[in-house]
Protein chains: 2
Amino acid sequence: MSVPEHRRIFGEHLRELRRDRGWGSQESFAHHVGMDRTYVSGLERGRRNPTLDVIVKLARGLEVTPADLLAPITSTS
Amino acid sequence: MSVPEHRRIFGEHLRELRRDRGWGSQESFAHHVGMDRTYVSGLERGRRNPTLDVIVKLARGLEVTPADLLAPITSTS
């Protein structure tokens, strides 16, 4: 399955932020935000297409703003 | 149906950006981005929960970044 560029970028940034904010494992972060580890894994690999509600939930869990979470996605990517 | 605060804020901001960028009607903007007018209306009223793919599509249509589109949503809203 091909992954849209903006989702790949989102996923990489999510992984980076998760580690930077001290959540070393997908498992611990998933538990923190009340999601399944496989879902977090899918997000980080760009396989899942999160809704605004999910983006806001992830941002809260990372203590960043939703805009921060989307920051590396340019208009064309 | 109650509308989550972050979706209400997103919807108001989308409406504001649409008008600022010169799309006077939901109909013309919907046609521009290849969505249904009723869907754009639902987004602007906070009734719909757009995916990342949709957020990116809207941002492209408005010629702003996806982060710009989410900018007014704070971590707590």
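Author: A salt bridge is a side-chain nitrogen of Lys or Arg within 4 Å of a carboxyl oxygen of Asp or Glu. This is a predicted model in which local features need pLDDT of at least 70 and side-chain atom pairs count only at pLDDT 80 or more, while totals for chains, interfaces and linings use all residues. Residues are numbered from 1 along each chain as its sequence is written, chains are lettered from A and ligands numbered from 1 in the order in which they are written, and side-chain values use heavy atoms, leaving out hydrogens and water.

Reader: What makes Asp53(B) and Arg7(A) a salt bridge?

Author: Their side chains meet at 2.9 Å, N to O, and the limit is 4 Å, so the pair qualifies. Between chain B and chain A the count is 2 salt bridges.

Reader: Which element gives the largest share of the side of chain B that touches chain A?

Author: H4(B), with 5 residues. Helices here are DSSP runs (H or I, at least four residues), numbered from the N terminus.

Reader: Why is helix H4 of chain B called largely enclosed?

Author: Buried means under 20% relative accessible area (1.4 Å probe, protein chains only). In H4 (residues 52–62) of chain B, 8 of the 11 residues are buried, so the rest of the structure largely encloses this helix. Among them are Leu52(B), Ile55(B) and Leu62(B).

Reader: How do you know that the copies meet through the same surface?

Author: Contact means heavy atoms within 4.5 Å, and 22 residues from each of chain B and chain A take part. Of the interface residues of chain B, 100% are also interface residues in chain A, so the surface is the same.

How values were computed. Buried means under 20% relative accessible area, exposed over 50%, partly exposed in between (1.4 Å probe, protein chains only). Helices (H or I, at least four residues) and strands (E, at least two) are DSSP runs, numbered from the N terminus.
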